[in-house]
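Subject: Structure handover

Hello,

The structure you asked to take over is below. My notes on what was found in it follow directly after.

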Amino acid sequence: MEACEQIISRIKSYSPGFNEELLRDAYRFAVSLHADQRRHSGEPYIVHPAAVAEILAELELDPETVVAGLLHDVVEDTGIPLAVIEEHFGSEIAALVDGVTKLSRLEFRSKEEQQAENLRKMFLAMAKDIRVIIIKLADRLHNMRTLEYHTPEKQRAVAAETLEIFAPLAHRLGIYRLKWELEDLAFRHLEPEKYRDLAEKVAKSRVMREEYIRQVIGLLRERLEEAGIKADLQGRPKNLYSIYQKMSSQGKEYSEIFDTTGIRALVDSVRDCYAVLGVVHTIWKPVPGRFKDFIAVPKENMYQSLHTTVVGPQGEPLEVQIRTWEMHRTAEYGIAAHWRYKEGKSHDREVEAKFAWLRELLEWVHETRDAREFMARLKIDVFSDVVFVFTPKGDVVELTAGAVPLDFAYRIHTDVGHRFKGAKVNGRLVPLDYTLKTGDIVEIITGKQPNPSRDWLAVVRTAQARNKLRQWFKREWREETVQRGREALEKEARKQGLELEVLKSEKLLEQGRRFNLYTLEDIYAAVAQGVVAPQTLLTRLREEEQPPEVLVPAVKPQPPGGAQGVRVRGVGNLLVRLAHCCNPVPDDPIVGYVTRGRGVSVHRADCRNVQLWRDKEKERLVEVSWETGFGAPFYVRMEVSAIDRAGLLSDVMSVLAEMKISASWVTARGKKDRTATIEFSAQVRDKDQLEYLIRKIHRVKDVFEVRRVV
């Protein structure tokens, strides 16, 4: 319990009145469930969740989040249902645990697909509660600290994922304390030789650098005291990975990188920040283009500070950061510094507004099912660098680095994007593919009517703009399709001598309902797509408009339990039933078989049993026919063959749901050749609806055969 008491002591320092027993109960609960488990290091497994909880407490997260950190692995690793967590610790903690739990019990075709689905679930949970990702970051940090106990292959895989996903996430959330450590640990395992070499060089020059920083701080402190400005001055060494990045991007050796350290000034007010900046610039000459004001224009992750690079003593570049104590807290802890859940209070709306990128992320998290596309867009749209540009009125807009004016237009408003005609940047007309830079003032020129071009899809860089364009073209394609279908029906109507008014009649809608098409637009679109033949619709219409024939029943009414709608030629008062071996439906060619004591069973003409009887019991086969206009539910057995992929069964079943067709049973199985077979029994009205169902399933992605099983 020593680890538990240390966590409690840490929480007390910033939340003195919290429920200590809740955390003790969670610790005992986790200890009992993980009792028989060991980590790769040989330590008891409880060491890991306790370390995660301690990291969360160091970030000063609320007690509920710390408790969720203690319990974050119990559902995944011990098989305990989430409902048990909810029963013992409440719905809030259970929701946090569920958000962090991986989808480890599902089978995926590839590691990339598994990673994409894990991240998808995590982001959806994160959008509801940002604390989910903070727990996940703490979990990843402790795993990185103990990564040396895994195989070299596992070390490289986890380190690469950390560098690509989790360190950038910590950056987007502004939690730099975690970001820097995650980067250095990942660097250590991905490039061990380069890491050791750089670490040795940094260690050798540490004494000289510390002396340099001491002199700089001494001079600046003296001048600030003369100006009556109170400030805390600190040396600020850069983390190893950021130094390595600078060496790689600039093609330089370590000896050629001068700004490996800097200084930070912490003051009490924003006014003092600018006063310190003035003093710094009077002592040392500023480097042109290296001043950034993140106080006036904060980063999207709420980071605020003044950054300036000056030519320091000995002519070496020196980076100076100036911020208030509150800004420094935000820089260290990011969203965690502001995310406080208090009883009866909702979280800060201003803080929530700062994370609009999360809502944009969700626009395509639901849509992008392909694992590679999901990961690629995640890295581009979420984790890439950003640029800050301005509207003509001076409002700041943050965009993904590499964004073009079209991205800016769609960020302002969908209608502005659709009516885009051109753009002025800093007062000058620019081409469509102009790459926006921080500080640009962007003015969009719009037309009166929306007129997007398909070429724009190759130009835009943000998911938001791409999604808006795709939605536009989808609507436009629908309108074109409806028009083509209407024209095809008009052409067929003229051929059959029907009035064109019939194409707008209730009778056409009645025919459409046979195919689960409930509006004229749906009928026109189905015709254009080849799902329904215009001849089929209009022939039926013409038949209905003709005077009905008087039918003389060939048999007496069927007794209860018989197959109403089937006539047996020359025989009356017989029990008639549809055979389950081939499940005939209206319009199928059919044959009757006189059974012993169970009346006449009706089979499809191509049924295997009928072929046998023709050879051995031909005298028991009788002629049967469907009654005109008969329509009642019939079960058919279907088999779908497709390339195996995630979501295939769901996509096929959604076709049935869309057509309001019920299935009595469904089976699905994968094969070694990466194909899959789905079998089901569906209830249809007649052959027309069955053929329509087959065509719809054929259109499902990766399906290459749909057949009715005899």
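In this predicted model, the contact between helices α3 and α4 is made by P49, A50, V52, A53, L56 and A57 on the α3 side and by T65, V66, G69 and L70 on the α4 side. Sorted by class, eight of these residues are nonpolar, two are polar and none is charged. Helix α3 covers residues 47–58 and helix α4 residues 63–71; their axes come within 7 Å and cross at roughly 160 degrees. An angle over 145 degrees counts as roughly antiparallel, and α3 and α4 are therefore roughly antiparallel to each other. Their crossing is right-handed.

One residue of this contact can be followed further. P49 sits in helix α3 and has a relative accessible area of 0%, so P49 is buried. Setting aside residues up to four places away in sequence, P49 touches H34, G69, L70 and H72. Of these, G69 and L70 are also listed on the α4 side of the helix contact. H34 is 15 residues from P49 in sequence, and the C-alpha atoms of the two are 9.8 Å apart.

The loop between α3 and α4 holds E60. The phi angle of E60 is near 60 degrees, which is positive although the residue is not glycine. Most residues other than glycine have a negative phi. Is E60 buried or exposed? Its relative accessibility is 14%, and the cut-off for buried is under 20%, so E60 counts as buried.

N426 also has a positive phi without being glycine, with a value near 55 degrees. N426 is placed in the loop between β9 (420–425) and β10 (428–430). With a relative accessible area of 45%, N426 is partly exposed.

Two packed helices are described by the angle between their axes and the distance between the axes.

Helix α12 (residues 192–204) packs on helix α14 (residues 240–250) at an angle of about 105 degrees, and the axes are 11 Å apart. That angle makes α12 roughly perpendicular to α14, because the range for that term is 65 to 115 degrees. In α12 the residues in contact are K194, Y195, L198, A199 and V202, and they meet L240, I243, Y244 and M247 in α14. By class the contact has eight nonpolar residues, no polar ones and one charged.

The other pair is α22 with α24. Helix α22 runs over residues 463–495 and helix α24 over residues 520–528; they pack at an angle of about 80 degrees with their axes 7 Å apart. These two helices are therefore roughly perpendicular to each other. From α22 the contact takes in R478, T481, V482, R484, G485, R486, A488 and L489, and from α24 E521, D522, I523, Y524, A525, V527 and A528. Which classes do these residues fall into? The contact of α22 with α24 has eight nonpolar, two polar and five charged residues.

Helix α23 covers residues 506–513, and its buried residues include L508, L509, Q511 and G512. These four cover an arc of only 160 degrees around the axis, which puts them on the same side of α23.

Leaving aside neighbours within four places in sequence, D686 is in contact with R514, V585 and P586. Where does P586 stand relative to D686 in sequence and in space? The two are 100 residues apart in sequence, with 5.1 Å between their C-alpha atoms.

Some totals for the protein, for reference. It has 28 helices and 21 strands. Of its 710 residues, 48% are buried. Among contacts between residues at least 6 apart in sequence, 65% join residues at least 24 apart. The pair D686 and P586, 100 residues apart, is one of the examples given above.

Regards

Technical notes. Residues are numbered from 1 along each chain as its sequence is written. This is a predicted model: local features need pLDDT of at least 70, side-chain atom pairs count only at pLDDT 80 or more; totals for chains, interfaces and linings use all residues. Side-chain values use heavy atoms; hydrogens and water are left out. Axes are lines fitted to C-alpha atoms, for helices over the stretch in contact, and angles run from 0 to 180 degrees between N-to-C directions. Angles under 35 degrees count as roughly parallel, over 145 as roughly antiparallel, 65 to 115 as roughly perpendicular and the rest as oblique. A crossing is left-handed if the near helix is turned anticlockwise from the far one by less than a right angle, and right-handed if clockwise. Contact means heavy atoms within 4.5 Å. Ala, Val, Leu, Ile, Met, Phe, Trp, Tyr, Cys and Pro count as nonpolar, Asp, Glu, Lys and Arg as charged, and the others, Gly among them, as polar. Buried means under 20% relative accessible area, exposed over 50%, partly exposed in between (1.4 Å probe, protein chains only). The arc is that of the directions from the helix axis to the C-beta atoms.
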